Every structure is written in C-alpha cells, then in structure tokens.
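Me: I'm new to this structure and would like to learn how to read its pockets and its core. Could you walk me through them?

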Amino acid sequence: MARKALVLKSMRKPKYAVRHRNRCQLCGRPRGYIRDYGLCRLCFRKMVLDGEIPGVKKASW
C-alpha cells in the first residue's frame with residue numbers, strides 16, 4: 001500500500017509536467033503501472049483472476 005501522503009501529493013498539479021507520476025487508481029502504487037487500465041500489475045492481476053475485467057484472461061500454453 002502506498003503512503004497516503006505521497007498519493008495526496010501526486011494528485012496536485014506538479015510544478016513541471018515531467019514530474020507527473022502515474023499511480024494505480026486502487027492502491028496508489030507508482031511502479032508496475034499499466035496505462036491501458038490505470039492499474040498496477042498487482043491490482044490488474046487480482047481483478048483479472050476475479051473476472052472483473054472483461055476480455056482478459058491468464059495466458060496458458
């Protein structure tokens with residue numbers, strides 16, 4: 001779980017645009033971010049396995 005202070009700080013408009021950091025919408029994690037879904041890899045995986053994201057399934061070969 002991300003620190004609440006950093007999540008709130010990231011919601012503010014940064015002084016310079018390059019300082020913007022993408023964060024997961026659910027947990028606020030800054031790393032492992034998947035842009036298409038707006039989630040980190042951990043939340044994405046959990047939601048896919050629970051069937052909450054339609055059209056995505058775990059690969060197996």
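Me: How much space lies in the second largest pocket?

Reply: Start with the general idea: rolling a probe the size of a water molecule over the atoms shows where empty space is left. In this predicted model, the second largest pocket holds about 160 Å³ of space.

Me: Which residues lie nearest the centre of the second largest pocket?

Reply: Its lining counts 13 residues, and Ser10, Met11, Arg23, Cys24 and Gln25 are the ones nearest the centre. Helix H1, residues 4–11, supplies the largest share of that lining, three residues. Sorted by class, the lining has six nonpolar, five polar and two charged residues.

Me: And what lines the largest pocket?

Reply: The largest pocket has about 240 Å³ of space. Around it sit Leu6, Lys9, Ser10, Arg12, Lys13, Pro14, Arg19, His20, Arg21 and Arg23. Here the classes come to six charged, two polar and two nonpolar residues.

Me: Now the core, please. Which residues make up the largest nonpolar core?

Reply: A nonpolar core is a set of buried residues joined through side-chain atoms within 4.5 Å. The largest one here has nine members: Cys24, Cys27, Leu39, Cys40, Cys43, Phe44, Met47, Val48 and Ile53. Strand S2 (39–40) and helix H2 (41–49) are the elements that each give two or more residues to this core. H2 gives the most, with four.

Me: What is Leu39 in contact with, leaving aside its neighbours within four places in sequence?

Reply: With those neighbours set aside, Leu39 is in contact with Cys24, Leu26, Gly32, Tyr33, Ile34, Phe44, Met47 and Ile53.

Note on methods
Residues are numbered from 1 along each chain as its sequence is written. This is a predicted model: local features need pLDDT of at least 70, side-chain atom pairs count only at pLDDT 80 or more; totals for chains, interfaces and linings use all residues. Side-chain values use heavy atoms; hydrogens and water are left out. On a 1 Å grid over the protein atoms alone, a cavity is a set of points where a 1.4 Å probe fits but cannot get out, and a pocket is an open set with protein on both sides within 12 Å along at least five of seven lines; lining residues have an atom within 4 Å of a point. Grid points are joined across faces, edges and corners, and a volume is the space filled by probe spheres set on the points. Ala, Val, Leu, Ile, Met, Phe, Trp, Tyr, Cys and Pro count as nonpolar, Asp, Glu, Lys and Arg as charged, and the others, Gly among them, as polar. Buried means under 20% relative accessible area, exposed over 50%, partly exposed in between (1.4 Å probe, protein chains only). Contact means heavy atoms within 4.5 Å.
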